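These are my notebook entries on one structure. I record what I looked up, entry by entry.

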Amino acid sequence: MKKILVMIIVSQLIFASMDGQEVTIGVFTHAPHVYKTSSNEPYGPAVEYIKNVVTAMGYKPNIQLLPLSRILSYLKSGEIDISLELLKTEDRETFLFDPEHPTYTMVQSLTVLSTNKLNEIQSINDLDNTKVGYLFGANIGPFLSSSSAIQFEFVSGDDWIQKNLAKLLAGRIDAALDNNAYSYLAEAKKQGVDDKIKTIPLPG
């Protein structure tokens, strides 16, 4: 299941008429692309990328670190202009513009304990009775939403990757979902527990 890392532009925004004005960009923490400092300032390769793109277009970037659910709400209301790493869905297409070509593609994946017997996902039935952790406000995608035998638990906050990883290691969930195959691996490596997990791509 592919996910596109893109620049998303809210439909009400017309760049050509802005004449060097400030552009507000909403981002959420998502290693290894977006991190936050101890003072809650966003940084990382995705932040630098969008800063450079907006600056090269002649606008002043104003980057705000926000929860994903608020980013979606603010994009819809026009309170922010751009975001990154949003799954393209039919509902979001009603108020967002997507670029013609993706900036980067990622594979939707499940992270499980290394002791889990599952090494490949060939069918949605492989995940029957699986408890999956994810981010509140995020779209789980068509593959996982096609099953009623999967239970989801959602967390929120800038530390959502750490929360889901902790729940996985403690056995409170069976798998942690992300559209970025490296986020949980990056956090586990930072904690020195990367040998305890593995990531399995979803079909598609």
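Axes are lines fitted to C-alpha atoms, for helices over the stretch in contact, and angles run from 0 to 180 degrees between N-to-C directions. Helices (H or I, at least four residues) and strands (E, at least two) are DSSP runs numbered from the N terminus.

I noted the basis of the work: this is a predicted model, in which local features need pLDDT of at least 70, side-chain atom pairs count only at pLDDT 80 or more, and totals for chains, interfaces and linings use all residues. Residues are numbered from 1 along each chain as its sequence is written, and side-chain values use heavy atoms, with hydrogens and water left out.

Entry: helix packing. I looked up helix 4 (residues 160-169) and helix 5 (residues 183-191), which pack at an angle of about 75° with axes 10 Å apart. The two helices are therefore roughly perpendicular to each other. Helix 4 contributes Trp160, Ile161, Gln162, Asn164 and Leu165 to the contact, and helix 5 contributes Ser183, Tyr184, Glu187, Ala188 and Gln191; contact means heavy atoms within 4.5 Å. I sorted the residues of this contact into five nonpolar, four polar and one charged. In this sorting, Ala, Val, Leu, Ile, Met, Phe, Trp, Tyr, Cys and Pro count as nonpolar, Asp, Glu, Lys and Arg as charged, and the others, Gly among them, as polar.

Entry: the chain as a whole. I recorded five helices and 14 strands. The C-alpha atoms fill a box of roughly 55 × 35 × 25 Å along the principal axes. For 204 residues a compact globule would have a radius of gyration near 17 Å, and the 18 Å of the protein chain agrees; the radius is taken over C-alpha atoms, and the globule rule is 2.2 Å times the number of residues to the power 0.38. Buried residues make up 46% of the 204, where buried means under 20% relative accessible area, exposed over 50% and partly exposed in between (1.4 Å probe, protein chains only).

Entry: I traced an open sheet of five strands in the order 12-11-13-10-14, with mixed pairing. Strand 12 (151-155) and strand 14 are its edges, each pairing on one side only; two strands pair if DSSP finds at least two bridges between them. Neighbouring strands are turned by 30° against each other on average, direction ignored.

Which strands does strand 10 meet in the antiparallel sense? I found three bridges to strand 13 (residues 175-178) and five to strand 14 (residues 197-201). Thr111 has Ala176 of strand 13 as its bridge partner, and Leu113 has Ile197 of strand 14. Four of the five residues of strand 10 (residues 109-113) are buried, so this strand is largely enclosed by the rest of the structure. Strand 11 runs parallel to strand 13, joined by two bridges, and Gly133 stands opposite Ala176.

Entry: backbone details. I noted a cis peptide bond from Ala31 to Pro32, with omega near 5°; Pro32 is in the loop between strand 3 (22-27) and strand 4 (35-36). Glu85 is not a glycine, yet its phi is positive, near 60°. Asn129, also not a glycine, has a positive phi of about 65°. Asn129, in the loop between strand 10 and strand 11 (131-135), is exposed at 68% relative accessibility.

Technical notes. Angles under 35 degrees count as roughly parallel, over 145 as roughly antiparallel, 65 to 115 as roughly perpendicular and the rest as oblique.
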